[in-house]
Amino acid sequence: MFRPDLLVGKRILVTGGGSGMGKATAVLAARLGATVAICGRNFDKLERVQALIGEATDRPVLARSVNIRDPDAVEAFIGEIHDEFGGLDTLVNNAGGQFPQDAIEFSRKGWLAVIDTNLNGSWWMMQEAAKRWSEAGVPGNIVNIVANVERGMPQAAHTCAARAGVIYLSKTLATEWAPLNIRVNCVGPGVIETEGFGVYPEEALVRFHKANPMKMRGDAWDVAEKIIYLASPAARFVNGELSIIDGGQAQWGVIWPGGMPDYFNETGAA
């Protein structure tokens, strides 16, 4: 849907760029002319995306294995991007992870792992990028991939807490950093079919599409297209926004990523 040269001259970092929505965003950004950096935990996946983009666009991609929970590692990676690319225009905070489980059963380690990645990791990336933009006196743009938390997220309370934190942190920073000409927005995907579906039990997967009135699953490109819009000049006046891409799930049904409990499993229940 975008003109081929939309992002020529733009430098974009996509965290969690080795698969799913991050992979789609990185590929689309490169195809539209951007210089792309990706990071993640699995370097083999990153290398495959790097090769894919190289073959499709003949554009180099900076790929690094980075633990976004480690602020020193984040600082070093953002610095390397500035050294390699001469700067950064858009940060796409897509890296994250969670697992389906009843909240009462969370281990301390499991809770902290999700909070540390989804909330703290996103923050370290945002702060380090903003520091660089502020010091250089140049504009910046952040897109945070979150979730629709308005009605809670049963069986995913850890990521619900983290994503809610990122949403309201983003709204706060959209105001605080406006004098620095830094925009901060969020994208909240609904049921998006990616490689990540492997963590969910079959009894949950068979009814995922029933949680929205369109009764369908989205895909990674549905989200990537929105991210690219926010990275483009067309979104220059969009700031502090949460864009939900869920087929209408927000006003229709509830996802049970671990499988719907019998207590709620009644005829007609979404």
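Guide: Let us begin with a definition: on a 1 Å grid over the protein atoms alone, a pocket is an open set of points with protein on both sides within 12 Å along at least five of seven lines, a cavity is a set of points where a 1.4 Å probe fits but cannot get out, and lining residues have an atom within 4 Å of a point. The model is predicted: local features need pLDDT of at least 70, side-chain atom pairs count only at pLDDT 80 or more, and totals for chains, interfaces and linings use all residues. Residues are numbered from 1 along each chain as its sequence is written, and side-chain values use heavy atoms, with hydrogens and water left out.

Visitor: Which residues line the second largest pocket?

Guide: Rolling a probe the size of a water molecule over the atoms shows where empty space is left. Here the lining consists of K10, D89, T90, P139, G140, N141, N181, R183, A231, S232, P233 and R236. The pocket holds about 280 Å³ of space, a volume being the space filled by probe spheres set on grid points, which are joined across faces, edges and corners. Its lining has 3 nonpolar, 5 polar and 4 charged residues; Ala, Val, Leu, Ile, Met, Phe, Trp, Tyr, Cys and Pro count as nonpolar, Asp, Glu, Lys and Arg as charged, and the others, Gly among them, as polar.

Visitor: Where is N181 placed?

Guide: N181 is in the loop between α5 and β6; helices (H or I, at least four residues) and strands (E, at least two) are DSSP runs, numbered from the N terminus. Phi of N181 is near 65°, a positive value in a residue other than glycine.

Visitor: Why does N181 count as partly exposed?

Guide: N181 counts as partly exposed because its relative accessibility is 48%. Buried means under 20% relative accessible area, exposed over 50%, and partly exposed in between, with a 1.4 Å probe and protein chains only.

Visitor: What is the order of the strands in the open sheet?

Guide: Strands of a sheet pair through backbone hydrogen bonds, either parallel or antiparallel. In this structure, 7 strands follow the order β3-β2-β1-β4-β5-β6-β9, with parallel pairing. At the edges are β3 (61–65) and β9, each of which pairs on one side only; two strands pair if DSSP finds at least two bridges between them. Strand β6 (residues 182–189) is joined to β9 by 4 bridges, and G188 has I244 as its bridge partner in β9.

Visitor: Which residues does Q249 contact beyond its neighbours within four places in sequence?

Guide: Contact means heavy atoms within 4.5 Å. Q249 lies in the segment after β9 (242–245), and its contacts beyond those neighbours are R151, G190, V191, A211, N212, P213 and I255. Q249 counts as buried because its relative accessibility is 13%.
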